[in-house]
Amino acid sequence: MNIKANTEFLNIKETYLFSEVGKRLRVYTEANPGKRLIRMGIGDVTRPLPQIVTDALCKAAMEMGNAETFRGYPPESGYGFLRESIVRYYARSGITLSPDDIFVSDGAKSDIGNLPDILGDNEVIIPDPVYPVYVDSNLMNGRRIRFIEGNIENGFLPLPDGIKEPSVIYLCSPNNPTGAVYDRNGLKAWVDCALETGSLILFDAAYEAFITDDLPKSIYEIEGADKCAIEVCSFSKFAGFTGLRCGWTVVPKGLMAGEVDLWKLWFRRQSTKFNGVSYPVQRAAEAALSDEGIKKCLENVSYYRNNASLLADVFASKGIRFTGGKNSPYIWLECPGGMGSWDFFDFLLNEVQIAGTPGEGFGRCGEGFFRLTGFGSLEDTKEAAERLKKLL
Ligand code: PLP
């Protein structure tokens, strides 16, 4: 074939991280069949969906089998009932949005990956370490990326520095992989910078439900953000929808890039390339956002958060520096004794049979750091905490 392929894809680094982790775990378990491995690298949820959610899912599925209640293609931006529930959810944090600002999707990853479709050739600013989708989806479109450094000194919460030209800025808070959360001053610095430089913030709030301290859950808590930010959020971690698939993106109506209305572009992009989320899933998402649904979903979130805090307590007691461990399911620790992240991976695996994720896989600044998560069971987490206490 002689057609031209999109060769920008060739610029994407092979994501060997999880395959390499999997390979090393396989080799170890085959060689050591009697040892019980505890997997603390899981980024997926493990708790079952609350019954209020599954009841809504089943009821809506039954409606689809009845001529009177059958539904075909859903509205392209989501059913009104769900967009209104999302608006009410934001109102709990004092944020006023309109259902028109909400675009329901099959999850945050798709929206994050698709947003570059409506943006031109801008400089893209991405904090490192990072959720890899921001990087790869821009490389696929041939965009110029400038990384800004997260490190132990800035608590893995870099602030704007040297941004002069209008740029597209990715922020994720609470952060994957570092678990770090911006406070209001930090986010205000970014919003002010975006307004001054004519930049756009793409804010990933996928872990907002983990916040219990007085920290912003949404970029729209910051004045002026409705003029410079798009927010992506998800039912995955809040309500356990990683297998059901549902999320949303907020594009405030009237958000302008120069003379161009970004809301209109996103509406056009979604209605051209996306046919909506299934009715039963949207009903399940609506149930998750009812008062009772939120209460039940947050019980699961606090289960994971409690796991993360058990691990954080171990590192705190050993004087090991870390971020996360509260307001987040993640703990991001400095590998002790100056070990590299893969060395520490092997060390934990061989000495105490704990599997985590080497920080280097999340970017250059992740070298020397390590990610553990609270998404496992309480029993496993307690056992892992005991093993770590003895080892470190
Ligand atoms: N954003 C971040 C920071 C994530 O860590 C993840 C998943 O792990 C996602 C987005 C993807 O969310 P979803 O399951 O809604 O696609």
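1. The largest pocket holds about 1,100 Å³ of space. Of its 45 lining residues, Val130, Tyr131, Pro132, Val133 and Asp136 are the closest to its centre. A pocket here is an open set of points on a 1 Å grid over the protein atoms alone, with protein on both sides within 12 Å along at least five of seven lines; lining residues have an atom within 4 Å of a point. Grid points are joined across faces, edges and corners, and a volume is the space filled by probe spheres set on the points.

2. A word on the basis. This is a predicted model: local features need pLDDT of at least 70, side-chain atom pairs count only at pLDDT 80 or more, and totals for chains, interfaces and linings use all residues. Residues are numbered from 1 along each chain as its sequence is written, and side-chain values use heavy atoms, with hydrogens and water left out.

3. Who lines the largest pocket? Helix 1 (17–31), helix 4, helix 5 (132–139), strand 4 (144–149) and helix 7 each give at least two residues. Helix 5 has the largest share, 6 residues. Helices (H or I, at least four residues) and strands (E, at least two) are DSSP runs, numbered from the N terminus. By class, the lining has 20 nonpolar, 12 polar and 13 charged residues. Ala, Val, Leu, Ile, Met, Phe, Trp, Tyr, Cys and Pro count as nonpolar, Asp, Glu, Lys and Arg as charged, and the others, Gly among them, as polar.

4. The ligand sits in this largest pocket, by the test that more than half of its atoms lie within 2 Å of the pocket's grid points. Its shell has 15 residues; the closest are Ala108, Asp204, Tyr207, Ser234 and Ser236. The shell divides into 7 nonpolar, 4 polar and 4 charged residues.

5. Helix 4 (108–114) and helix 7 (236–239) each supply at least two shell residues. Helix 4 gives the most, with 3 residues.

6. Polar contacts (pairs of N or O atoms within 3.5 Å) are worth checking by eye. A polar side-chain atom of Ser234 lies 2.6 Å from a ligand oxygen. For Lys237, a side-chain N or O atom is 2.8 Å from an oxygen of the ligand. Arg245 also places a side-chain N or O atom 2.8 Å from a ligand oxygen. The protein covers 91% of the 400 Å² of accessible area that the ligand has on its own, by the Shrake-Rupley method with a 1.4 Å probe.

7. The whole structure has 4 cavities of 30 Å³ or more, a cavity being a set of points where a 1.4 Å probe fits but cannot get out. Strand 5 has the largest share, 3 residues. The classes are 11 nonpolar, 3 polar and 1 charged.

8. The second largest cavity holds about 50 Å³. Its lining includes Val45, Arg47, Lys237, Phe238, Cys297 and Tyr304. Helix 7 and helix 10 (291–317) are the elements that give two or more residues to it. The lining has 8 nonpolar, 2 polar and 2 charged residues. Note Lys237: this residue lines the second largest cavity, and its side chain also reaches within 2.8 Å of a ligand oxygen.

How values were computed: Near = heavy atom within 4 Å. Polar contact = N/O pair within 3.5 Å; in protein donor to acceptor, adjacent residues only side chain to side chain.
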